[in-house]
Amino acid sequence: MSVMSDGKSDLKSEIDSLVGKLNKYSAAYYKDARPLVSDAEYDRLYDRLVKLETEHPELKSPYSPTQRVGDDAIQGFEDVKHTIPVLSLDKAYGIADLENFRQRIFKAGFRDVSFSLEEKIDGLSVVLYYEHGSLSRAVTRGNGIVGSDITAGVKTIRSVPLMLDKPITIACRGELYLDKKSFERINGTLSEPYANARNLAAGLIKRQKTSEVAGTGLDIFIYEGFLSEDAPENRGIVFNSHAEMLRFLTELGFRTNPHTRFVGFDEFDRIDEFIADATSIRATLDYDIDGMVLKVDDFSIRGKLGYTQHHPRWAIAYKFESPVARSVLKDIQVQVGRTGRLTPVAVFDKTFLLGSFIENASLHNKGYINELEIAIGDEISFSKRGDVIPQVEEVLEKNESGNKTFRFPDKCPVCGGKVEDIGKNTFCINDQCPARIVGEAAFFVSKTAMDIEGIGSST
Ligand SMILES: [Zn+2]
């Protein structure tokens, strides 16, 4: 610590004390709905903190609650390497797959196993890294090895503790999402609405200014904690099961999902009932879920089951049935339409979906590619909504080759000329571009002005 004059160290301790109090009060208010002080008292302390921080920006604490409102600094979203394994889960597409999952555990010699059953939130997988109790980094899943730094945006989410009650070093996995009401409210104001809340959440957290992230309604459920074992500050803290871990995370101040339940090995015969229960409340939840996650509760059994090359053997994600198909992304072709708009199109092996074979699906634009963090080799899902062009829905499984998010071309793929971003779209601005001239001719002979060529169902 640097040496400070007495006046400054007094100010520093006043700031630290204000930060500590305000964080405690706001956690009680937002997380527990149990205010500890009046709004007026809170505002008085908050205003005092803002005044001190404005006068002495060098003393501003990285845990200051003033970060909850964000600022206008431009975010860089630098690449960050994960320090924990960010694996995805094996998928189940029916009850039979879940029964097979139980049988595999049974055959591995484990009889008296209970499971946690959690909602699978349809959001973005993120990791929050805490060092000595303070939030040091928030990172997207990315390709599982490297993700994007979204720390400043995540700090605006009030349920995320900036400082923990214990000075421990822990990495927490969670799901970042936007609730249904906020989705409708925000989407209604956009000239180019998003297809679903997950995509909008991905767009919001990557807004360039955190002042535009704050207050949008983004939130996070935390579902897994990884304690750094060799850290002296973690000494004496152990959890032996998922239930213990969730209790620990909740006590630490994290927002965990209250609908998580536990299923005994014998109760597993009723797993279809439990899933039906979850499905029946799906519409009443204020967030989207797209399935359920089953995990072995006991950590010593988890340890013995271990991992395949791709997944933990002790967990499986059950996906609700929906008219989507999946395939592996082979390529992304960027087409140029009549208006000069660049449209990325996913290419994959012929896959049957709702009555026809398809091998292409739209990726809409550069923004959509970045939101999905999609890379060649990823396993993807795609849908046909109504009779429209198939579109890529989500990345189910990251590629194992370390391929990074597809880099959108910074030149027109047809004429090599300059391109310009307008909103979420990218346009070739060369009016002599052959794609645009050919496109124009094609436009006059076709009945409808389609901006996307070469996509459609080939039967
Ligand atoms: Zn061009």
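N365 comes out as buried, because its relative accessible area is 7%, and buried here means under 20%, with exposed over 50% and partly exposed in between, using a 1.4 Å probe on protein chains only. Where does N365 lie? In the loop between β15 (356-362) and α10 (366-372); helices are DSSP runs of H or I with at least four residues, strands are runs of E with at least two, and both are numbered from the N terminus. A polar atom of the N365 side chain lies 2.8 Å from the backbone nitrogen of Y368. Setting aside neighbours within four places in sequence, N365 touches P344, F408, K424 and N425, with contact meaning heavy atoms within 4.5 Å.

Quick housekeeping. This is a predicted model, where local features need pLDDT of at least 70 and side-chain atom pairs count only at pLDDT 80 or more, while totals for chains, interfaces and linings use all residues. Numbering runs from 1 along each chain as its sequence is written, and side-chain values use heavy atoms, leaving out hydrogens and water.

Now another asparagine. N234 sits in the loop between β8 (218-227) and α7 (242-252), and N234 is buried too, at 5% relative accessible area. What lies 2.8 Å from a polar atom of its side chain? The backbone oxygen of T169. Beyond its neighbours within four places in sequence, N234 contacts I168, T169, L227 and S228.

On to helix α3, residues 95-107. With 13 residues at 1.5 Å each it should span 18 Å, and the end C-alpha atoms are 18 Å apart, so that agrees; the expected span is 1.5 Å times one less than the number of residues. Which residues of α3 are buried? L98, F101, R102 and I105. They cover an arc of only 95° around the axis, so they sit on the same side of α3; that arc is taken from the directions from the helix axis to the C-beta atoms. Remember, an α-helix has 3.6 residues a turn, so residues three or four places apart point the same way. The face turned away from the buried side has the exposed residues A96 and K107. Covering the buried residues of α3 are, among others, β2 (90-92), β3 (115-121) and α8 (271-281). After α3 comes G109, with a positive phi near 100°.

F101 belongs to an aromatic cluster with F106, F115, F265 and F268. The charged end of R102 sits over the ring of F265, 5.3 Å from its centre; the rule is NZ of Lys or CZ of Arg within 6 Å of the ring centre and within 35 degrees of the ring normal. Likewise, K206 lies over the face of F77, 5.9 Å from the ring centre.

Last bit, aromatic pairs. Rings of Phe, Tyr and Trp (its six-membered ring) pair if their centres are within 6.5 Å, and planes under 30 degrees apart are stacked, over 60 edge-to-face, the rest tilted. How many pairs does that give? The count is 14. Y307 and W314 are edge-to-face, because their ring centres are 6.2 Å apart and their planes at 75°. Y307 is partly exposed at 45%, whereas W314 is buried at 9%.

How values were computed
A polar contact is a pair of N or O atoms within 3.5 Å; within protein, one must be able to donate a hydrogen and the other to accept it, and residues adjacent in sequence count only if both atoms are side-chain atoms.
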